[in-house]
Amino acid sequence: MLIFIFYNTFRHLENAEMTPELHDDLVNLSLDNLLDFFKITYPNHLRLFIVLLLSCLKTLVSIPSFSLTRSPYIYAFHDIAIIRCQSYLPNFSSWLRQDAL
Amino acid sequence: MKSVEYSDILHRETATAAFHNSKERFDPPKCHPNTRLAVLTEIMKWIKWEEGLDAFIMWVYGPAGAGKSAIAQTIADMCEEEMILLASFFFSRNDPDVNRLIATIAYQITLNLPQVRGAILGAIERDPLIFFKSLAVQFKSLIVSPLQPLAEAGFFDEPTSRRLVIIDGLDECSDPKVQKNILEVLGNAHRQHRLPLIFLFASRPEQHISLAFSTRILPSSTACIALDESYLPYDDVRLFLTDKFQEIKSTHRLRNYIPPQWPLPNVLDHLVKKSSGQFIYASTVIDYVSSIRHKPTDRLDIVLAVRPPQKDLPFAELDALYTHIFTGVEEIEPVLEILSLLLLSLTSSPLLSTIEEFLFLQPGDVELYLGDLSSLVKIGPETIKILHASLTDFLLDLTRSKEFWINPRSRHTTFARRCLQLLQRASK
C-alpha cells in the first residue's frame with residue numbers, strides 16, 4: 001500500500017488542480033517525519049523519494065496558478081524541502097542542485 | 001564481472017510483460033479461427049518474401065477495437081511456430097515504458113540467435129550503463145552491431161531466417177515524440193547500416209505515426225495495411241458471432257432456457273451491422289451475453305434495445321453499448337472512483353486490497369461494485385484488468401461518456417490529497 005502511495009503521490013500532485021484544500025495538505029506536510037520515516041522504513045526508497053519530491057515541487061512552483069495569494073507558502077515549502085532533503089542526502093547535494101532542482 | 005552478470009543486467013532491463021507469449025498477457029486477443037484470413041495471408045507473404053515486397057517495415061493500422069493486437073498476436077504465434085520470429089514487443093497502455101524496448105528485443109535475440117549472444121553481452125560488458133543511453137545508441141550497440149557479422153555472412157538473405165520483429169501498440173507508448181523517435185531510429189539504422197531485420201508494427205493511425213510513414217523520417221521501403229472494409233471484416237465478425245453464440249448454446253449453465261433457433265438470423269444481421277466491422281463491439285456483446293450470472297437471451301435483448309444517439313460517428317455504437325452497461329450499474333460513483341484509480345495511477349495493476357485500502361472501502365467491495373462491469377473488466381483473484389483499451393478513451397472523453405466522464409484533474413486532486421493524508425498518517 002505504501003509503495004503504491006509512494007509511486008503515485010507525485011503523479012497525482014503534478015496533474016491535480018491546486019485547490020485550497022490540497023494546497024493546505026501539501027504545505028502542512030510534516031517533512032521531517034516523512035523523511036525520517038522513509039530513512040528508517042524504506043531506506044532504499046529515500047533517495048528516489050527525495051528526487052521525486054523536489055522534482056514535483058519544482059513543477060508545482062512553475063505553474064502560473066501558484067502566483068495566487070497562497071503561493072508564498074508553496075515557495076517557502078519548496079525552499080525548506082530543498083534544505084531538509086539535502087541534509088538527508090548531503091552527498092547528493094550538488095547533483096540534486098543540477099538535476100532535480 | 002562474469003557474462004552471467006551481464007546477462008543479469010539484460011534480464012533486469014527486459015520487459016517480460018511485453019513478450020507475445022508472456023504469462024502476464026495470458027489469454028491475449030487472437031484472431032478467431034478462419035477469420036482475418038486475407039490480412040494474415042498478406043502479412044505472411046510479406047514476411048516470407050513471397051511476392052518480392054521489399055519493405056523493411058510493414059505498418060498495420062486501424063481504429064480502436066479493429067483487432068490490430070489480435071492480428072499481431074496471431075502473426076507472432078504463427079511465426080514462432082515456423083521459427084521465423086526473432087522478437088516481439090507488445091506495448092500496454094498500463095505500462096507504456098519504452099525504456100525497455102531495446103533490452104527486450106536484445107534479450108529475445110540472445111535466445112533465438114544464440115550465436116549473437118556473446119556479442120550482445122559483450123556490448124553490455126563494454127558499457128554497463130548502455131541502458132541509460134539514447135534509444136539510437138542502444139539500438140546500434142545491442143542490435144545492429146551484434147547482427148552485422150551474421151548479415152555479412154548472408155544469414156538473413158534466406159526468407160526463412162529469424163529476422164521478424166513485431167512491435168504492437170506503438171500508439172500506447174507514452175510520448176508521441178518517443179514513438180516518432182523509435183521509427184526514426186529504425187529508419188536511420190536501415191539507411192546507414194543496411195539493417196537485416198524486418199519490422200511489423202500494429203497501431204492506431206495516430207497523426208505523428210502516419211506522418212512518419214508519409215515523410216522522409218522512414219525510407220520509402222515501407223508497406224502499410226489499413227484494416228478497413230476492403231478486408232471484409234463484416235464476414236469475419238459474422239463468423240465470430242455465429243461460433244460464439246453456438247458455444248453459449250452448448251456450454252452456458254442456463255443453456256436449457258435458450259431456444260434452439262436463438263439468435264434469429266435478422267438479429268445476427270443486426271449485430272453484424274452494429275459492429276461496424278470492429279471486433280471489440282462483437283466481443284463486448286459476447287462477453288456481456290455470456291455472463292454466467294444471467295440468462296443469455298435476456299442479456300441479448302438488453303443489447304438489442306440499445307439505440308445509438310447519432311449515426312456515422314466512429315464509436316457511436318460502441319459508446320452506446322458502454323453507456324448502456326454503465327447505466328445498469330447500481331452505484332456508479334464508487335465504480336468510477338475505482339476505475340479512475342486504475343486509469344490514472346502509475347501502477348499498472350494494483351492489488352484489489354490496495355485499491356480498497358486507498359479508497360477507504362471494505363474488503364470485497366471492489367469486486368461487488370464492479371460486478372456489473374464483467375464484460376468490460378476482468379477481476380482476478382488479486383488484481384483487476386480492463387479488457388478493452390478503448391474503454392479508457394471513452395471514460396476520459398467528456399463528449400463520449402457524458403455523465404460517466406472521469407474528470408482527470410478533479411480525480412487527480414482527490415487522489416493527491418488522499419496520498420498526502422496517508423503518507424502523513426504512516427509517518428506519524
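Among contacts in chain B between residues at least 6 apart in sequence, what percentage join residues at least 24 apart? The figure is 74%, where two residues are in contact if their C-beta atoms, placed from the backbone, lie within 7 Å. This is a predicted model, in which local features need pLDDT of at least 70 and side-chain atom pairs count only at pLDDT 80 or more, while totals for chains, interfaces and linings use all residues. Residues are numbered from 1 along each chain as its sequence is written, and chains are lettered from A and ligands numbered from 1 in the order in which they are written.

**Chain B overall**

- Chain B has 19 helices and 7 strands; helices (H or I, at least four residues) and strands (E, at least two) are DSSP runs, numbered from the N terminus.
- Of the 428 residues in chain B, 41% are buried. A residue is buried if 20 or more other C-beta atoms lie within 10 Å of its own, exposed if 12 or fewer, and partly exposed in between.

**The sheet in chain B**

- Five strands of chain B form an open sheet in the order β2-β3-β4-β1-β5, with parallel pairing; two strands pair if DSSP finds at least two bridges between them.
- Strands β2 (85-90) and β5 (222-226) of chain B are at the edges and have a single partner strand each, so one side of each has no neighbour in the sheet.
- From one strand to the next, the twist averages 15 degrees. Axes are lines fitted to C-alpha atoms, for helices over the stretch in contact, and angles run from 0 to 180 degrees between N-to-C directions.
- β2(B) runs parallel to β3 (residues 164-168) of chain B and is joined to β3 by 5 bridges. B:Phe89 has B:Ile167 in β3(B) as its bridge partner.
- Helix α2 (residues 37-47) of chain B lies across β1 (57-61), β3, β4 (198-203) and β5 of chain B, at about 170 degrees to β5(B).
- Helix α3 (residues 68-81) of chain B lies across β1, β2, β3 and β4 of chain B, at about 150 degrees to β4(B).

**A helix pair in chain B**

- Helices α9 (residues 233-251) and α10 (residues 265-274) of chain B pack at an angle of about 130 degrees, with their axes 9 Å apart.
- α9(B) and α10(B) are therefore oblique to each other. Angles under 35 degrees count as roughly parallel, over 145 as roughly antiparallel, 65 to 115 as roughly perpendicular and the rest as oblique.
- Residues making the contact include B:Tyr234 and B:Leu241 of α9(B) and B:Leu268 of α10(B).

**Where chain A meets chain B**

- In chain A, 23 residues are in contact with 24 residues of chain B.
- α1, α2 (20-27) and α3 (31-41) of chain A each supply at least two residues of the side that touches chain B, and α1(A) gives the most, with 10 residues.
- α3(A) and helix α19 (residues 408-427) of chain B pack at about 70 degrees, with their axes 9 Å apart. That angle makes α3(A) roughly perpendicular to α19(B).
- In this pair, A:Asn33, A:Leu34 and A:Phe37 of α3(A) meet B:Leu423, B:Ala426 and B:Ser427 of α19(B).

**One residue, A:Leu13**

- A:Leu13 is in helix α1 (residues 2-15) of chain A.
- A:Leu13 counts as buried because 25 other C-beta atoms lie within 10 Å.
- Not counting residues up to four places away in sequence, A:Leu13 touches A:Cys56, A:Leu60 and B:Ala416.
- A:Leu13 and A:Thr59 are 46 residues apart along the chain, and their C-alpha atoms are separated by 9.7 Å.
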